[in-house]
Every structure is written in structure tokens, then in C-alpha cells.
Amino acid sequence: MCGIVGIVGDRPVADRLFDGLKRLEYRGYDSAGICTLDEGDFDRRRAEGKLNNLAAVLADKPLHGTTGIAHTRWATHGAPVVKNAHPHIVGPVAIIHNGIIENFKPLRAELEAEGRTFESDTDTEVVAHLVAREIEGGAEPRDAVAAVLSRLHGAFGMAFLFRDHPGLIIGARHGSPLTVGYGEGENYLGSDAIALAPLSQRIAYLDDGDWVVLTRDEIEIYDKDNQRVEREIVLSGASAASVEKGNYRHYMQKEIFEQPIVVAQTLQSYVRPYEGKVALPDSDLDLSSIRRVTIVACGTSFYAGMVAKYWIEQFARVPVDIDVASEFRYREPVLEKGGLALFISQSGETADTLAALRHAQEEGQIIAAVINVPTSTMAREADIVLPTHAGPEIGVASTKAFTCQLAVLAAFSANLARANGRMSEEEEADLVDRLQKVPEIMNEALDHDEDIAAMAHLVAPARDVLYLGRGPDYPLAMEGALKLKEISYIHAEGYAAGEMKHGPIALIDDAVPVIVLAPSGPLFEKTVSNMEEVRARGGKIIFVSDAEGLEKAGEGCLATIEMPKAHPLIQPIVYAIPVQLLAYHVAVAKGTDVDQPRNLAKSVTVE
Ligand code: F6R
């Protein structure tokens with residue numbers, strides 16, 4: 001992962017590089033560093049941990065210089081300590097790097113055999129040595145980089161600074177994204193348009209295999225065959241304003257409470273209330289020709305996809321295959337030409353999902369993508385983009401992007417059902433009516449915030465927590481467990497309620513809270529039977545249901561949370577809220593870093 005930013009400028013760069021790092025912190029935050037060229041030599045500051053540590057180092061020893069590179073790290077090779085923080089400097093070369101150099105071991109052995117010594121445990125330092133070796137042998141920087149790139153395997157984005165060439169940065173991309181920004185008497189390089197937003201809105205996205213030479217006055221782009229190429233300059237539209245927390249304690253909390261608004265915003269693109277119709281925005285896709293849908297995603301986005309599998313099969317009667325992206329790509333899936341492959345991603349940059357998307361493209365699939373960041377690589381590479389309008393999601397744990405994904409997927413399922421003659425005009429009009437009311441119902445669910453906060457102490461001391469659900473509540477159970485794990489560090493598992501008796505029931509005792517998601521409806525009685533199995537073994541239940549469900553089975557539970565009753569295509573959007581709030585309040589009770597939990601990053605750009 002990691003974030004990259006570089007400026008070849010005509011005025012001091014350190015503050016602006018630091019601002020770029022703040023915008024890139026979502027890519028990793030276990031260490032950071034900046035290197036500038038000052039009076040003919042490199043000057044570097046690095047710090048372990050969050051960016052405020054680097055800020056303190058910079059305040060103590062400011063950096064000068066008008067050209068520099070900066071990096072925020074998510075460790076792959078080497079612990080998150082200062083010696084492994086980027087930039088790495090070897091002789092006349094400084095480098096920052098995002099991604100993994102897969103063949104770094106033989107390269108390092110080759111360099112060590114020549115007597116070269118290493119200061120870090122990273123794969124990155126190998127590249128610095130290789131380029132330094134070329135330059136020390138007399139090569140010009142661009143020839144040195146071109147020669148070294150041909151020896152590297154893996155996915156990477158990188159930027160180089162050269163001690164003896166002030167006013168020069170070279171960048172390269174293979175797999176990981178890299179963007180250049182055009183300025184006046186300055187030019188910029190960054191992992192994405194968001195990093196560059198305050199610097200320039202005129203940007204070009206590098207293609208895979210491209211490398212780029214930046215000086216103050218010019219940007220020269222070369223392709224993988226070292227041929228000079230032009231890449232289209234576009235207006236990025238990425239917002240330069242930083243997103244504030246407002247009166248909320250955490251971004252995650254703010255984002256949970258924004259959900260009624262952003263889901264309404266998203267649905268506006270998918271619902272025509274006056275006609276009583278659902279519709280996909282700007283798409284020529286003939287839905288009636290779709291015989292099978294293949295859904296691929298990671299993490300929370302994958303759980304949104306699992307909910308969609310239930311919906312698409314139940315309402316449209318179209319078969320759905322679903323995979324986590326890291327498995328899909330390598331298991332040689334059988335894909336019929338012309339099939340629809342649906343990718344779901346908040347960031348649009350997740351390396352596994354992107355690789356899976358490209359694989360499906362090669363296999364002749366029509367590529368649709370449910371994406372939150374419109375400037376992302378996936379949004380640019382998909383045939384059809386189904387946007388979510390959640391706005392920037394800053395909290396590492398995904399919340400509002402998830403419910404917006406569900407809103408889009410509900411509309412997609414309804415469209416498919418209608419195209420297949422499985423939904424009548426009346427049913428469609430009724431659904432549109434109900435979708436219009438989703439924000440209102442979500443607000444009702446959010447009204448339980450204080451009750452849920454008061455329950456946090458029931459879960460916070462636990463070592464293990466089980467979440468149970470059936471049908472679309474099964475993926476929601478897994479989503480609830482994921483949220484709890486990632487921000488409170490409590491081990492949690494989401495299980496299909498009926499599957500509990502096949503193993504996890506052995507875990508049940510009075511120290512393992514069991515959170516049961518069971519709206520009244522056809523599956524209710526079955527889930528309640530599983531809940532009784534828990535109760536019979538002394539298990540402590542937190543029961544989430546509607547008034548009817550609580551009336552029937554709420555007695556004797558450790559705690560209950562009442563949700564409004566909703567249409568099946570809406571209910572998972574509503575039930576997402578209590579699981580998010582519970583995880584949030586448990587994390588607050590435990591005093592963890594809610595917005596930037598340990599070991600995680602918002603955008604996962606390594607495989
Ligand atoms: C969990 C979470 C992650 C992401 C996953 C995919 O709260 O945020 O599991 O859902 O890394 O990310 P995107 O959706 O950006 O592809």
C-alpha cells in the first residue's frame with residue numbers, strides 16, 4: 001500500500017508534501033518520511049507511527065528545499081520502525097515506493113555479493129541500490145531507472161530523487177496507481193488525484209508500465225517499451241477541502257450518522273419517483289440478456305455482494321457466483337463470454353479486486369463496478385460504473401460506503417427482476433415508494449444510538465463474540481463481526497445461524513456474547529430456535545429484531561435492540577446500523593484508535 005507524493009517546485013515544498021501525506025494517510029500510517037534536496041544534498045526526516053510524530057520531528061528540525069518526495073507507509077517487508085521508513089537513500093539516489101518487489105531476495109543477494117550493505121529490511125532499498133549502481137557507473141538518471149525497471153517483478157509505484165540533479169523527479173508505475181499533476185513552474189507526482197488536489201486539478205493517470213520524468217517545466221511520459229507517449233490530461237474534480245469531523249468524536253461516528261443523507265443521495269441516481277421506476281444511471285446494459293452474475297469484492301464490500309446474491313437470486317431468479325477477489329483471480333473460474341461480472345469497491349483501488357476485474361475483462365466479461373471514488377482506477381477501467389455517492393469515507397472501518405453499496409445493489413436487483421419479468425409494475429412502484437422512505441427508517445435506527453452505547457460494557461470485556469443471522473442477515477452477521485474485530489480487537493465470528501450447531505456451539509458459555517440478527521419474517525422462527533440453543537447453554541444474547549420479533553422472543557435476552565420493520569430489499573440497509581453502532585461504542589469503551597485501527601489501511605493496494 002503506502003502513499004506517494006512528490007513536488008518539483010520553485011518554492012519550499014516540505015509543508016505541501018506533509019499536507020499531501022495527510023491526504024494519503026488512508027493508504028497506511030505506520031511510519032512516514034520526507035526527503036528534500038537542499039544545497040546540493042539530500043535532507044530527510046522520518047518517524048515511526050502516525051503523521052503527528054513526523055510533524056513533531058519536522059517542527060524540531062524543519063526541512064528546506066524546493067524539490068522533494070514524501071511517503072506514508074503500510075509495512076510489507078520489515079517492521080514499522082524508522083530504519084524501514086521511506087524515503088530510503090543510497091548514495092546519489094533517494095526512493096519512495098508503494099507495492100512489493102517480489103524478486104527482491106535474489107536482487108539483494110546479488111548486491112550483497114558485490115559488497116553493498118543494507119540499512120533496512122525493506123524490498124525497496126534493493127531498488128535504490130540498483131539505481132545507485134547504474135548512476136555510479138556513469139548512467140544518466142533516466143537511463144538508470146529504465147534499466148532497473150526491467151529487472152523488477154511485482155506491483156509497484158515509485159518515485160526517485162537524485163542528489164546531483166536538482167529539480168528532477170522520476171516516477172514509475174507497474175500495477176500500483178500513479179498520477180502526475182501539471183502546475184505553473186512546478187509539477188507533481190502522487191498516488192492519486194486526492195493527494196494532488198490542493199496542488200493541481202490538471203492531472204494525467206499513468207498507464208501500467210509507464211514511467212515519467214518530471215522537471216519544473218515539463219512532464220515526459222514513457223511507456224513500458226521506453227517510447228515517449230502522451231497521456232490524456234483531465235480535470236480531476238477531487239476536492240481540495242479536507243474533510244472535518246464537525247461535532248463528532250470520530251470520523252467513523254460522523255460517517256455512521258451521515259448514512260441517511262448519503263443513501264438518499266445515492267438512491268436519487270437509481271430511482272425515478274414520479275414514474276415509480278428504478279433505473280440504472282447512464283447504462284446501455286441489456287439486463288434481460290444476463291444469464292449469470294459473477295460478484296467479486298473484498299472485506300465489507302464482499303459482504304455487500306453477499307447480500308446482493310440473496311437479493312438477485314430471490315427477486316430476479318438469476319444465478320450469482322460470488323468470490324473474494326484474492327481467491328477469484330487464481331482459482332481459474334469458469335466464465336462464459338459475455339457474462340456480467342460485478343465488482344464492488346469503496347476505494348476503487350483495492351489491488352485484489354482490481355486484478356480480478358482485469359482478469360474478468362480478459363475473459364470477455366462485461367465489467368460493472370459499484371464504486372465510491374469516481375476518479376479511481378476501477379471506475380476508469382469498468383464498462384459500466386454504478387456509483388455510490390457516499391462522499392469521502394475517512395474512518396478506516398467502512399460504514400456509509402457499505403449502506404450506499406447496498407442501496408445500489410437493491411436497485412440493481414430490482415432492475416434485473418423487472419427486466420426478467422419477475423417484478424410487476426405495481427411491485428416496482430411499491431418498492432420505489434419504500435426506497436424513498438429509507439432515509440427516514442435509517443434515522444429511526446440511529447435513534448437507538450444511546451441505548452446501544454449503554455450496551456457496550458456488555459461486549460467490551462469479551463474475548464470472543466459470535467454474530468448469527470440467516471438469509472441476508474448472515475452476511476450482515478459477518479459484517480458485524482468484521483467491524484468489531486477491526487476496531488475493538490475482540491475476536492468475533494459471523495455465522496449462518498443454522499450452521500452454529502455444526503461447531504461454533506462448542507464456544508458458547510456465559511463469557512461469549514451472541515448477537516442475533518433476526519427480523520420477523522419467514523426465517524424468524526428458525527433463527528429463534530438457534531437462539532434457544534444458545535440460551536440453553538448459558539449463552540448471553542443481544543437480540544436485534546423488530547417490535548413483532550422482540551415481542552415473540554425478546555424475553556430473557558441480555559439486551560434487545562428494536563429496529564423498524566422494512567421491505568426485504570431495505571432491511572439489511574437498516575440492520576447495518578446497529579452492528580456498526582455496537583462495534584463503534586465497544587471500541588470507544590475499550591479506548592482503541594477507532595478511525596485508524598492498528599495494522600489496517602483504508603485502501604489495500606497490495607495483493
Ligand atoms: C472493513 C473495510 C475493508 C474494505 C476492504 C475493501 O471495514 O473497510 O474490509 O471493505 O478492504 O475495500 P474497498 O471497498 O475499497 O475495495
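**Helix packing and a domain interface**

Let me start with a helix pair, where Val-127, Leu-130, Val-131, Glu-134 and Ile-135 in H4 meet Pro-141, Ala-144, Val-145, Ala-147 and Val-148 in H5, contact meaning heavy atoms within 4.5 Å. The residues of this contact divide into 9 nonpolar, no polar and 1 charged, where Ala, Val, Leu, Ile, Met, Phe, Trp, Tyr, Cys and Pro count as nonpolar, Asp, Glu, Lys and Arg as charged, and the others, Gly among them, as polar.

This is a predicted model, in which local features need pLDDT of at least 70 and side-chain atom pairs count only at pLDDT 80 or more, while totals for chains, interfaces and linings use all residues. Residues are numbered from 1 along each chain as its sequence is written, and side-chain values use heavy atoms, with hydrogens and water left out.

Helix H4 spans residues 124-136 and helix H5 residues 141-149, and the two pack at an angle of about 135 degrees with their axes 9 Å apart; axes are lines fitted to C-alpha atoms, for helices over the stretch in contact, and angles run from 0 to 180 degrees between N-to-C directions.

Turning to the domains, an automatic or database assignment gives domain 1 (3-243), domain 2 (246-436) and domain 3 (444-593). The C-alpha centres of domain 2 and domain 3 lie 25 Å apart, and 29 residues of domain 2 are in contact with 25 residues of domain 3. In domain 2, Phe-257, Tyr-303 and Tyr-310 lose the most area to domain 3, together 20% of what that side buries, buried area being the accessible area (1.4 Å probe) that two parts lose on being put together, summed over both.

Note on methods. Helices (H or I, at least four residues) and strands (E, at least two) are DSSP runs, numbered from the N terminus.
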